[in-house]
Amino acid sequence: LETIHEFLDRAGYDNEWVPGSPIISMEFTGRNTSFYVHIRQFEAAELLFIATDGYLHLEKASSTESLVLLLVQLAAVNYELLFGKLQVNPESGEILLSAELLTHDGLGYETFVQALEQLMHSADSRYPELERAAEGRGL
């Protein structure tokens, strides 16, 4: 994660990481919403996991119909996304957007930054339609 921390610093992203910690955290504020991004490395699997935190919650749905509409909208957005997938944490009800990057053959600065920015901007740009669905206002 030291290299990823250096990539984030180089790209100008404020981030929190303690050497030896398995997670780097940073805050993102877009046009539509704000959330955290956590980056975790799984060395044995040669995988870097990037996920939003504090993005959206199932409790935001105002009724059963809104919840169904929100879940349908999540599936529709997942179908359209080229990078990253929306998922629901069944224990907390939190909705997050995540992506995995394989690191077995190396991960360069440009590839990492483009992937991170794509994930953050996808989450931000899709937020209004997900929020409307949670409020029961249709697709």
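I began with Ser98, which counts as buried at 2% relative accessibility. My cut-offs: buried is under 20% relative accessible area, exposed is over 50%, and partly exposed is in between (1.4 Å probe, protein chains only). The model is predicted, so to speak of local features I need pLDDT of at least 70, and side-chain atom pairs count only at pLDDT 80 or more, while totals for chains, interfaces and linings use all residues. Residues are numbered from 1 along each chain as its sequence is written, and side-chain values use heavy atoms, with hydrogens and water left out.

I placed Ser98 in strand S6, residues 94-102. Helices (H or I, at least four residues) and strands (E, at least two) are DSSP runs, numbered from the N terminus. What does the side chain of Ser98 make a polar contact with? I found the side chain of Gln87, at 2.4 Å. A polar contact here is a pair of N or O atoms within 3.5 Å; within protein, one must be able to donate a hydrogen and the other to accept it, and residues adjacent in sequence count only if both atoms are side-chain atoms.

Next I looked up Thr52. It sits in strand S3. Thr52 counts as buried, at 3% relative accessibility. A polar atom of its side chain lies 2.9 Å from the backbone nitrogen of Leu97.

**Entry: Glu46**

I checked the loop between strand S2 (34-42) and strand S3 (47-53), and Glu46 is found there. Glu46 is not a glycine, yet its phi is positive, about 50°. Its relative accessible area is 39%, which makes Glu46 partly exposed.

**Entry: Ala115**

Is Ala115 buried or exposed? It counts as buried, at 9% relative accessibility. I found Ala115 in helix H3, residues 109-134. Leu101 is 14 residues from Ala115 in sequence, and their C-alpha atoms are 8.4 Å apart.

**Entry: salt bridges**

Side chains of opposite charge can pair when their charged atoms come close. I searched the whole structure and got 4 salt bridges. The test is a side-chain nitrogen of Lys or Arg within 4 Å of a carboxyl oxygen of Asp or Glu.

I looked at Glu80 and Arg126, whose side chains meet in a salt bridge at 2.7 Å, N to O. This pair links distant parts of the chain: Glu80 is in helix H2 (residues 64-80), Arg126 is in helix H3, and they are 46 residues apart. Glu80 is partly exposed at 47% relative accessibility, whereas Arg126 is buried at 18%.

Arg126 also forms a salt bridge with Glu129, with the closest N and O atoms 3.4 Å apart. Both of these residues lie in helix H3, 3 residues apart, about one turn of the helix. Glu129 is buried, with a relative accessible area of 19%. I noted that Glu80, Arg126 and Glu129 are linked in a network of salt bridges.

I then turned to Arg137 and Glu135, whose side chains meet in a salt bridge at 2.6 Å, N to O. Arg137 is exposed at 52% relative accessible area. Glu135 is partly exposed at 34%.

**Entry: Glu6**

I ended in helix H1, residues 2-11, where Glu6 lies. Glu6 is partly exposed, with a relative accessible area of 43%.
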